[in-house]
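Hi everyone, thanks for coming. Please have a look at the sequence and the model on the screen, and we'll walk through them together.

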Amino acid sequence: MAKRRDDGKWAFFDVHYADGSRTSNRRVPTDILGGLDGDDPARTEIEAQDQRIADASGKPRRLIATLRRAVPA
């Protein structure tokens, strides 16, 4: 399997949900991160992604418990 080249356009986050489930390597554009808010805008972006997934599946959106930047391998 070929490795992806990190072009710096994306940051990856591990998300732990209130129900105990987890997703890894959720992609967030780096241009919305940084500044005074740091990684806080990532939560808003991932919540919006989760809402689109919930709308498409007909299931309620899961609540995020913690969000942490993924460590590159």
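What share of the 73 residues of the protein counts as buried? It is 21%, where buried means under 20% relative accessible area, exposed means over 50%, and partly exposed is in between, with a 1.4 Å probe and protein chains only.

Two notes on the source. This is a predicted model, where local features need pLDDT of at least 70 and side-chain atom pairs count only at pLDDT 80 or more, while totals for chains, interfaces and linings use all residues. Residues are numbered from 1 along each chain as its sequence is written, and side-chain values use heavy atoms, leaving out hydrogens and water.

Now the layout. The protein has one helix and three strands, in the order β-β-α-β along the sequence. Helices (H or I, at least four residues) and strands (E, at least two) are DSSP runs, numbered from the N terminus.

Let's turn to helix 1, which covers residues 40-57. Its 18 residues, at 1.5 Å a residue, should span 26 Å, and the end C-alpha atoms are 26 Å apart, which agrees. The expected span is 1.5 Å times one less than the number of residues.

Which residues of helix 1 are buried? They are A42, I46, Q49, D50 and A54. These residues cover an arc of only 140 degrees around the axis, so they lie on the same side of helix 1; the arc is that of the directions from the helix axis to the C-beta atoms. On the other side, D40, T44, R52 and D55 are exposed.

What do the buried residues of helix 1 pack against? The partners are strand 1 (10-17), strand 2 (22-29) and strand 3 (64-69), with contact meaning heavy atoms within 4.5 Å.

Next, the largest nonpolar core: its nine residues are A11, F13, V15, Y17, V28, L33, A42, I46 and I64. Strand 1 and helix 1 are the elements giving two or more residues to this core, and strand 1 gives the most, with four. A nonpolar core is a set of buried Ala, Val, Leu, Ile, Met, Phe, Trp, Tyr and Cys residues joined through side-chain atoms within 4.5 Å.

Finally, two rings. R62 has its charged end over the ring of Y17, 3.9 Å from the centre, and R27 lies over the face of W10, at 4.0 Å from the ring centre. The rule asks for NZ of Lys or CZ of Arg within 6 Å of the ring centre and within 35 degrees of the ring normal.
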